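The points below are grouped by topic.

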Amino acid sequence: MPEQPEKTGTTRRTFLGAAALSAASYNRVLGANDRIGVGFIGFGLIGKQHVTDFKKFQDVNLVGLCETYKPRLEEGLKYMGNPNAKGYSDFRRMYENKDIDGVVVATPDHWHALLTIMACAAGKDVYVEKPLNVCIDEGKWMVQAARAHKRIVVVGSQRRHGSGVAEAKKVVESGVLGKIHSIRIASYRNVYPGFGRTPVSDPPPYFDYDMWLGPAPKRPYTAHRGIYHFRWFWDYSGGQMTNLGAHTIDQVLWLMNVKGPTSVMSNGGRYALDDDGETPDLQDAIWTFPGFTMNYAIREANAMRGDAAARGQVYLGTKGSMVLSGTYEVIPEMKIDPVNDIPRFTGQPIGGPVYTDVKPTPWIQPSKGGVASDPRYGTGGEDTMAMNERDWLDCMRSRKRPLCEVEDGHRVAIASHLANMSLRLGRAIRWDPDKEQVIGDREAAAMCVRPYRAPWDGVLKSLVKV
């Protein structure tokens, strides 16, 4: 693929108009044969957004789409606007297409690892949605495959691309906040009473449920074990801890420049929602890192609008705090004489601490900065998803390391999975972030891997060292 800078000024109407072109004329538009060929796996909520975004990049050719749900495959091919684009019900046929240089994996989480590994082996670069996987060892295999085949693999934890996040990282590294000893995160919403229950039934004739399940265990079909609602089942995901947590934990690891925790403790469960979901609607987790702790609260049945952590990540330092959510705000702590903070009541008896006249003064100056995050999250501002997609394309050409690389996603997934493992086991888990191993707990160590269903178990073992 020769070097070609991104062109600007193309409108949505231009791309929609391309749908009316003949196959022959389409290939001549904007030097189609010189562009990066991209194939898409999954045309759901996020998959459609990816197609929308990549249509705007003029150095990209939308070559193919794979879907297990036939109505979405038909809709997606029409939406792509390329009469030459090919539709696939089996991604393995897509991987044989030599016009495809990279694939965008926007499937349910349980497919992320194997699709990425097989794409790397087929010589494709990969943009894989977060969370990276459904168990810790899958991340190791994904990194292994990316390195072995020298592939550019980007994970969709795009928010670290935000200019405000980069500025906040400089604030942390400057030391202005003093010693950062704890970080608070929260993900709150209220979807009570939940999404209801769906009965066991035959899958629709236009839905390849067996292919959709792939390496996951064979289960009776229900409508919620499929489109969108898969996230609330342990077979296919890790709930909000791996969903929303993948974004916020990623930023913490990046800003604090740490590999991972040394111990994790989590509690919670399905307390409030009346539906058929399995993953927690309430979860509290605390991670211990070298020099600081991180607390994460998840609520699905109360939006907790009065909690400052609902605004974003809160970094607590000895001299000030920082709230980060696209924009950032530094809030000073007050410098005092510690003696004066002792409760006075009726005064200290003789021989006790002696109060002073020292007045509280700010340790640091308040400040603000950054740009609001992605408008799809309700706050307006930068489109960090498009920034991440652009970085993937640029790195496909340069072969340089992208900002949100597969190993970054692996470390975020480790922290998320450890929290879920602790919740399900009911005890704290100790972790060696350098060796990437559970310490002193065989049951927890066994949860770092999930067996694949045949024939996908054999496919996995043929491609990576398991």
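Strand 5 (residues 125–128) pairs with strand 6 in the parallel sense over 3 bridges. Two strands count as paired if DSSP finds at least two bridges between them. This is a predicted model, in which local features need pLDDT of at least 70 and side-chain atom pairs count only at pLDDT 80 or more, while totals for chains, interfaces and linings use all residues. Residues are numbered from 1 along each chain as its sequence is written, and side-chain values use heavy atoms, with hydrogens and water left out.

**Sheet and helices**

- Helices (H or I, at least four residues) and strands (E, at least two) are DSSP runs, numbered from the N terminus.
- An open sheet is formed by 6 strands in the order 3-2-1-4-5-6, with parallel pairing.
- Strand 3 (86–88) and strand 6 (153–155) are the edge strands, each pairing on one side only.
- From one strand to the next, the twist averages 20 degrees.
- Val 126 has Val 153 in strand 6 opposite it.
- Helix 6 (residues 112–121) lies across strand 1 (36–41), strand 4 (102–105), strand 5 and strand 6, and runs at about 165 degrees to strand 5.
- Helix 12 (residues 384–398) lies across strand 1, strand 2 (60–66), strand 4, strand 5 and strand 6, at about 170 degrees to strand 5.
- For these angles, axes are lines fitted to C-alpha atoms, for helices over the stretch in contact (heavy atoms within 4.5 Å); the angles run from 0 to 180 degrees between N-to-C directions.

**Nonpolar cores**

- A nonpolar core is a set of buried Ala, Val, Leu, Ile, Met, Phe, Trp, Tyr and Cys residues joined through side-chain atoms within 4.5 Å.
- Buried means under 20% relative accessible area, exposed over 50%, and partly exposed in between (1.4 Å probe, protein chains only).
- The largest nonpolar core has 44 residues, of which Ile 183, Leu 255, Met 256, Trp 287 and Met 322 touch the most other members.
- Apart from that core lies another of 36 residues, among them Phe 91, Leu 115, Cys 120 and Val 128.
- Beyond its neighbours within four places in sequence, Trp 287 has contacts including Met 241, Ile 249, Phe 292 and Ala 419.

**Aromatic rings**

- Rings of Phe, Tyr and Trp (its six-membered ring) pair if their centres lie within 6.5 Å; planes under 30 degrees apart count as stacked, over 60 as edge-to-face and the rest as tilted.
- The count by this rule is 22 aromatic pairs.
- One of them is the edge-to-face pair of Phe 91 and Tyr 95, at 5.3 Å centre to centre with 70 degrees between the planes.
- Phe 91 and Tyr 95 are separated by about one helical turn, because they are 4 residues apart in helix 5 (residues 91–95).
- Phe 91 is buried at a relative accessible area of 3%, and Tyr 95 is buried at 7%.
- The rings of Trp 141 and Tyr 452 have centres 6.2 Å apart and planes at 80 degrees, so this pair is edge-to-face.
- Trp 141 in helix 7 (residues 136–148) and Tyr 452 in the loop between helix 14 (442–446) and helix 15 (456–463) are 311 residues apart, so the pair links distant parts of the chain.
- Trp 141 and Tyr 452 are both buried.

**A buried loop residue**

- Leu 177 is in the loop between helix 8 (163–174) and strand 7 (180–190).
- Leu 177 is buried, with a relative accessible area of 1%.
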